[in-house]
Amino acid sequence: MRPYRGSIAASAATLAVTVLLSIAFWRLGLNGHSLAPALAAGGLPLGLAAGILLVVAAATVAIHISVTAPSPSVSAEEPLLAAPRVPAIRRNAPFIVVLGVRPKSGASTLACGLALVLATQGRIAKEPDRRLRPLCLLRSDDVPSGVALDSSALEAYFRAQSTAVDDDVVDLAGRHPEGIEFLAMGREKPSASQLRQLLPVLRDHYDAIIMDIPADDRWLATTCVELADVVFLMWVPGSQDGTLQRWVDRLWGLGLEGKTVLTVGRRRAGDRPFSKGASQFELEIPEDAAIRDRIDNDMAWAVANSSAAGRQLRQAARRLLPDLLPQGADG
Amino acid sequence: MITLSLLAIWVLFVLLAPKRGVNSLAERVRATDQGHRVYVFAPPAELGRGFARSGLGEGIRLTQLGLPVYMLCLWAEARGRRCRLAMPPTTKSQLSPAPKAHPPVRRQYVLPPMAWRREWEATILSRNAGPSGSAAPAPRQLPGPLTIRSLGNLQLLYAGEDLTARLLRAPTLCFIWLFLLTHAAARPRSSVHRQVLAEEAFPGIDPEQQRGRLRGRLSDLQHDLPAILADRVKVDGDLLSLDLEAAEFDVARLRATADDLAGGTGLLTEAATKAIAVAIANYGGEYLPVWDEVERQTTSGRGSAGDLIRAVRTLADDLHTQLLVRLARHHEARHDSPQTIPLLEEVLRRRPERDDVAQILTAAYRDTGQMIRARQLETTYRSELVQPQRKPEME
C-alpha cells in the first residue's frame, strides 16, 4: 500500500473538499453565487460523464484481473535504472577490479556475475569456436558452491615462492562447470609486489581477470586499482558514513576517475539516483529477488533473462568489453 | 444538483488525473514494453486473494495513475509479458565451457647447437680468405654430401644451398620424404612397404585409391623436389626406402657415436672424448619439431606416423643421455668433479628418475665441497624412494 498512500490521500482530501463545498452551498445559502448556477447547469452532463467513466474503469479492472494473474516475482516497485555508463576496454585479458566500499556491498556477487556472463556469452573474434575462460580472485568465503578450491593454496604458494610467480600457479585455481576459474586469496592477502608478479602470469592463461578486493586492505586496493583496466567502486544506498566519499577522493586523487565506475548495488525505487555529473561512469544494479534468494553464492541470476540485475549487468558488460561480448548475445 | 455536480467532478478527478509524477512515463513504458520491467509503476496493492480484493488493489492503482495512463500501462505490461515469455530463461553460448587452464609444458632445455658455431666460423674463415683469394680464382669444390639436420630444427643443405623450404612447399611429398627419413633413423637400411606408406600418407580412403595416389605423388618427386632429395628415394618393387649412404644425417651420426663410445665406464681416449663432446654439442634438441605441422597439413594427425616420430625422438634423447653419462663417467674416472657435475645435472634434468646418476652427482658435490647441494639432492631422492612405500598405507 505504501506507494499508493499519496494518491489515496489526495483522493480522500478532494472528496472531503467536495463534501465541504456541498455543505457550504447548502447551509450558507450560496445559491446566489455565480458559480452555483454553472455547477447546477453542468450537473447532468458531468454526472453522465463520471458514470460512463466509472463503468469503463470498472470494466477495465474486472477484465484485467480476470485475464491476468498478478506477477508473484515483483512485490515492490522496480527502480527506473539509468543505462549503464562504462568505459570500453579493448585490450587482451582485461583486469577488472570490484572494490566493495563496505562489507556486504555486493562486490563479490558482481564479480562472480560478471565472470559468468563472460564465461557463458563471451568469445574472441579470432577464436570464435571457444568460450572465454575468466578468472575470479575472491575472498575465501565468497567462492560459489561446486568449485573445488583450497582456500589457503595461494597463500601457501606465495609463502613458498617468495621471489617469483610461475605458470604453475594456475594449477591452484578451482574450476566452475561453466568454465570460470576461482582463486581464493586466503587470510593473508597477496602483497602489492606479489600481485604485480601474479597478474602477467594470469594474463597468459585467462581471457579476463576479475578481482574482488575488500576496501579495508588499503595498500592492496591501491595497487589493484592502479593496475586495473576498470574499477567498479561498489556501494549500497543507505550507508552514509563517508567511506564512499573517501574512496572517491582517493581514486580521483590518483587520477583514476577515467576508469572508475561508480556502482550502486541493491538500488530500490525510492533511492535517490546519482546526481547528474557525479561521475563520468555509473552503473546501477537493482535490488533483485534472484540475488537475494539465491543459495550458496549461486551465480545463475547473471544470465537469467528474468533477473533485472542480470540484464543490467549484461548490458554493462557488453559496453565494457565490446570485443569479448558480441552485440546481440543477450535476448 | 450542485452536490451531484461536485461529486461528478471529484469522480472525474479521481479517475482521470494521475496522482504521481509521469515525467518518466515514456521511459518506463518503453522499458516495460521491452520486457525489462514487469510493471510500469508500482505493482497493484496486495490486499489479499479473491476477485474483489484484487479488484480493489487494481482500483487503487487506477486511482493513482488515472484511467488513460492506467490503460496505457496495462497495454505495455501485456506486451512486456509476451516479450518475456518469448525469451529463453537464460542466454548462454552453445559452445562447451572453457577447459581448465594448465601451465604449459616446459620448453626442452638444449645445449647450444654446435652447427651454428661451425657455420659461423666457416663464414668468418671464408670472409678472411676473401681478399687474398680474390687474386687467384679458388679451385672448384665438389658439392659434397647432402647434410640433413633434424635435431632441434629441419635443415637440408646441399652445395651451400638450403633446400628445406623447397621440401616444405610440397606438403604431401614432404610427409613422404620425412616419413622415410624417420623410418631410416629408426631402422637403418630397412624399407617400408608401399601399402604402409600409402596408408600413412592418405588415411581413411580405399586401399586402391591410396596406392594410386601414392604412385602419383612418387612420380611427382622429380618435378617437385630438387634432384638431390628426389634421388634419395629408392623404389624396389613394393618397397621404398631413403638412401642415406652418401648423406650426413645427424641422427645416424649420433647413433654411430653412441654405439661406438657410450659403452663402458672408465677413461676414454682423447679422440673419443672429443667425438662425444662434438656429438653432445651437435644435439640441437627434439627430433623433427616441424613434423606436427607437416602431419596436421597432410593427414590432420589421423595416421600412426606420429608414433614413429615419437619413437625416434625418444631414441635420440636416449642416445644423447647415454653420451652425457659416458662423458661424465670419463671425467669421474679422472676425478675431475667440476667437469662431471654440469653433465650429470643435465642428465638429471632430463631423467629425474635416474637414481644412479643422483648418487654420482651427490658424491661429486661432496668432492667439490658443495655440502648443502649434496644434502638437498640426497633428501630429494630419499623422500622419492620412501614415498612409494607409503602409498599402499594411504590407500
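## The largest pocket

The largest pocket has a lining of 48 residues, and those nearest its centre are E78(A), P79(A), A308(A), R311(A) and H36(B). This is a predicted model, in which local features need pLDDT of at least 70 and side-chain atom pairs count only at pLDDT 80 or more, while totals for chains, interfaces and linings use all residues. Residues are numbered from 1 along each chain as its sequence is written, chains are lettered from A and ligands numbered from 1 in the order in which they are written, and side-chain values use heavy atoms, with hydrogens and water left out.

A pocket is, on a 1 Å grid over the protein atoms alone, an open set of points where a 1.4 Å probe fits, with protein on both sides within 12 Å along at least five of seven lines, and its lining residues have an atom within 4 Å of a point. The largest pocket holds about 1,400 Å³ of space, a volume being the space filled by probe spheres set on the points. Helices α8 (289–292) and α9 (308–320) of chain A and α2 (25–33) of chain B each give at least two residues to this lining, with α9(A) providing the largest share, five residues.

## The second largest pocket

About 870 Å³ of space lies in the second largest pocket. Its lining counts 39 residues, and K104(A), S105(A), G106(A), S108(A) and D142(A) are the closest to its centre. The largest share of this lining, five residues, comes from α3(A).

## Aromatic pairs

Rings of Phe, Tyr and Trp (its six-membered ring) pair if their centres lie within 6.5 Å, and planes under 30 degrees apart count as stacked, over 60 as edge-to-face and the rest as tilted. Over all chains there are three aromatic pairs. One of them joins Y157(A) and F158(A) edge-to-face, at 6.2 Å centre to centre and with 75 degrees between the planes. Y157(A) is buried (under 20% relative accessible area, with a 1.4 Å probe and protein chains only), because its relative accessibility is 9%, and F158(A) is buried at 5%.

In chain B, the ring centres of F175(B) and F179(B) are 6.4 Å apart and their planes lie at 10 degrees, so this pair is stacked. Both residues belong to helix α7 (residues 171–186) of chain B, where they are four residues apart, about one turn of the helix. F175(B) counts as buried at 0% relative accessibility, as does F179(B) at 5%, and ring pairs link these two and W291(B) into a cluster.

Methods. Buried means under 20% relative accessible area, exposed over 50%, partly exposed in between (1.4 Å probe, protein chains only).
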